[in-house]
Amino acid sequence: MDYDVIIIGGGSAGSVLASRLTEDPNRRVLLLEAGGRDRHPFYHLPAGFAKMTKGIGSWGWHTVPQRHMNNMVIRYTQAKVIGGGSSINAQIYTRGNALDYDEWRQAGCTGWGYDDILPYFRKAEDNDTYDNRYHGQGGPLGVSQPRAPLPICDAYFAAAAQLGIPRNMDMTGEVQDGVGFYQLTQKNYRRSSTAVAYLRPAERRPNLTVQTGAQVLRIVVDQGRATGLELAGQGVLRAGEVILSAGAIGSPRLLQLSGIGPADHLRDLGIPVVFDQPNVGANLQDHVDLFVIAECSGPHTYDRFAKPHLSAWAALQYLLTRKGPVASSLFETGGFWYADPNARSPDIQLHLGLGSGIEAGVAAMPQGGVTLNSAYLRPRSRGTVRLASADPLAAPLIDPNYWADPHDREMSIRGLKLAREIMRQDALKPFVLAERLPGPDVQTDADYFNYACAHAKTDHHPAGTCRMGADPHAVVDPQLRFNGIAGLRVVDASIMPSVVSSNTNAATIMIAEKAADMIRGQA
């Protein structure tokens with residue numbers, strides 16, 4: 001064998017696996033990443049997130065027309081750079097609700113309940129504030145309090161309180177409910193991606209090889225066992241075990257290109273069927289985001305720094321003090337609350353954006369503005385990832401199938417109404433001149449629907465497309481071994497049976513930490 005383990009994908013999960021598995025000096029590991037290195041400063045400056053959804057470090061994919069949302073097509077940013085999503089996200093450190101994981105365990109995923117996975121969250125963390133039952137210190141991943149909040153954040157907390165929503169000082173601790181500052185995956189006022197936190201120290205080890213710009217064409221399966229892969233320009237590489245960590249879109253895509261997936265779909269594309277697994281690429285879940293944008297009454301957010309001379313000043317301020325807009329992830333304030341008052345835990349997540357036009361396709365206010373995003377956290381709708389052709393360079397057909405279940409549409413609109421109510425409270429009036437989007441004409445549910453179909457976006461949380469389970473239809477078992485093919489595991493957000501009730505990056509890192517222990521026989 002050329003390697004003991006080949007990991008496909010150097011993202012949030014793959015970088016963790018490469019680091020943890022090579023702690024054993026006798027295990028030879030090759031990590032392959034289709035994207036490049038994270039050399040551009042935007043990858044490391046907290047505010048660089050604003051550039052990421054506009055194309056840097058991304059595959060440039062879009063959804064198929066969403067038939068339950070007037071056939072809108074949504075830009076679907078998926079990372080194509082070492083560190084994956086952890087290199088381009090808004091650095092928000094949230095884990096989901098404890099009940100999310102308990103429901104995984106109740107569905108047959110033994111070893112994945114909240115008490116089982118909490119030690120892996122703690123193991124990953126180097127938290128600058130907490131060291132207790134819920135948080136750890138001394139791990140690779142920097143988890144920090146925001147460096148550059150603004151007074152409008154405190155006004156947002158006061159506005160939420162006027163609606164009965166409490167302040168929560170630690171939304172990844174004992175209780176998720178409430179609003180507050182998110183902790184961020186930052187260390188020393190720089191982004192703490194898994195490439196920086198895990199992979200960079202590990203690359204000094206002689207038993208780890210990292211290759212970027214590596215286009216994997218297919219996984220090689222011989223007599224029911226994954227024995228390696230075919231790499232563009234290099235032929236077949238052999239390994240004792242292949243671990244697929246290409247993400248909730250990339251992993252099912254590569255499996256199908258390898259002839260592993262729904263047989264009828266593969267035959268239609270002329271791909272020889274290696275293993276018929278209809279659930280590869282099924283069960284796609286994602287959080288769809290609706291937002292309020294208000295124009296500010298003065299320079300209360302970071303929009304003013306879009307002007308070239310102030311942008312230069314902000315860069316200098318960051319270099320000298322590590323404060324100011326460059327030190328901000330721009331979405332470091334938010335919270336969790338209820339669209340359905342009878343929900344078992346918060347089902348709406350809020351992100352307060354300290355500006356307008358931060359993400360691709362979102363309107364900017366000429367005089368400066370503030371954004372409040374809302375997302376329904378436990379969608380019932382399920383979508384698919386399928387191939388457009390047998391060409392390994394072709395973009396996949398990404399269909400989140402948003403709002404296929406009318407319940408999701410109702411809850412999403414309730415979440416948007418909640419966001420509007422918060423922005424209208426007296427506490428924010430010194431900062432907010434007027435709501436501009438959705439605007440005063442949006443009043444009926446039909447108005448809300450039409451607004452959403454013009455402005456909705458993804459929250460960048462795809463999951464579930466290689467579902468873990470104990471049943472024979474699951475793609476992977478609770479050890480993350482592929483059902484029906486030996487020597488193959490999937491380790492990334494695609495294994496989630498249901499998407500967690502929050503951002504997904506921290507949960508993906510946890511999955512990789514736990515997977516590394518399982519592979520080493522320690523879990």
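1. Angles under 35 degrees count as roughly parallel, those over 145 as roughly antiparallel, those from 65 to 115 as roughly perpendicular, and the rest as oblique. The angles run from 0 to 180 degrees between N-to-C directions, and the axes are lines fitted to C-alpha atoms, for helices over the stretch in contact. Helices (H or I, at least four residues) and strands (E, at least two) are DSSP runs numbered from the N terminus.

2. The model is predicted: local features need pLDDT of at least 70, side-chain atom pairs count only at pLDDT 80 or more, and totals for chains, interfaces and linings use all residues. Residues are numbered from 1 along each chain as its sequence is written, and side-chain values use heavy atoms, with hydrogens and water left out.

3. H11 and H12: the two axes come within 11 Å and cross at roughly 95°, so H11 and H12 are roughly perpendicular to each other. On the H11 side, Arg409, Ile413, Leu416, Lys417 and Arg420 meet Asp445, Tyr448, Phe449 and Tyr451 of H12, where contact means heavy atoms within 4.5 Å. This contact divides into 5 nonpolar, no polar and 4 charged residues. In this count Ala, Val, Leu, Ile, Met, Phe, Trp, Tyr, Cys and Pro are nonpolar, Asp, Glu, Lys and Arg are charged, and the others, Gly among them, are polar.

4. Buried side of H12: in this helix (residues 445–455) the buried residues are Tyr448, Phe449, Tyr451, Ala452 and Cys453. Buried means under 20% relative accessible area, exposed over 50%, and partly exposed in between (1.4 Å probe, protein chains only). The buried residues of H12 pack against strand E18 (288–296), helix H11 (406–423) and strand E24 (432–437).

5. H1 and H7: helix H1 (residues 12–21) packs on helix H7 (residues 194–202) at an angle of about 30°, with the axes 8 Å apart. The pair is therefore roughly parallel. Ser12, Ser15, Val16, Ala18, Ser19 and Arg20 of H1 make the contact with Thr194, Ala195, Tyr198, Leu199 and Ala202 of H7. By class, the residues of the H1 and H7 contact are 6 nonpolar, 4 polar and 1 charged.

6. Cysteines: a search of the whole structure finds 0 disulfides, a disulfide being a pair of cysteine sulfur atoms within 2.5 Å. For cysteine 109, the nearest cysteine sulfur is that of cysteine 466, 14 Å away. Cysteine 109 counts as buried because its relative accessibility is 1%. Cysteine 153 has its closest cysteine sulfur in cysteine 296, at 11 Å, which is too far for a bond. Cysteine 153 is also buried, with a relative accessible area of 0%.
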